[in-house]
Amino acid sequence: MGDKQNGTAYIVAGAAVGLVSVVMVAVSFFRLIWAMGGLAVALMRLAYLTVFDRPGRS
């Protein structure tokens, strides 16, 4: 009986560690996608200002 309880505790601990690891990976992927989206928006704004701001400068 003690063996079975010990095994269950290991399974529960392993599941908790796996869940935390999955959440951390998901969060890092979300941050990566968020950063890439922000970079794309910044580049598009820069390109827009570069292309369409010429009449104001000249």
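Predicted model: local features only at pLDDT ≥ 70, side-chain atom pairs only at ≥ 80, totals over all residues.
**Notes on a helical model**

1. What does phenylalanine 52 form an aromatic pair with? The structure holds two aromatic pairs. In one of them, phenylalanine 52 is joined by tyrosine 48, with 4.8 Å from centre to centre and 45 degrees between the planes, which makes the pair tilted.

2. Both of these residues belong to helix 1, which covers residues 2-52. Four residues separate tyrosine 48 from phenylalanine 52, or about one turn of the helix. Tyrosine 48 also counts as exposed, because its relative accessibility is 52%.

3. Now for the overall picture. The protein has two helices and zero strands. How much of the protein is buried? Of its 58 residues, buried ones make up 0%. The accessible surface comes to about 5600 Å², and carbon and sulfur atoms account for 74% of that.

4. Another spot to look at is a nonpolar surface patch of about 400 Å². Val25, Phe29, Leu32 and Met36 make it up. Valine 25, one of these residues, lies in helix 1. Is valine 25 exposed or only partly exposed? Its relative accessible area is 41%, so valine 25 is partly exposed; that label sits between the 20% and 50% cut-offs.

Conventions. Residues numbered from 1 in each chain as written. Heavy atoms only, no water. Buried < 20%, exposed > 50% of the residue type's maximum accessible area, 1.4 Å probe, protein only. Areas by Shrake-Rupley, 256 points an atom, 1.4 Å probe, with all protein chains shown as cover. Phe/Tyr/Trp six-rings, centres within 6.5 Å; stacked < 30°, edge-to-face > 60°. Patch = residues over 30% accessible without salt bridge, like charges linked within 9 Å, V, L, I, M, F, W, Y side chains within 5 Å. Salt bridge = Lys/Arg side-chain N within 4 Å of Asp/Glu carboxyl O.
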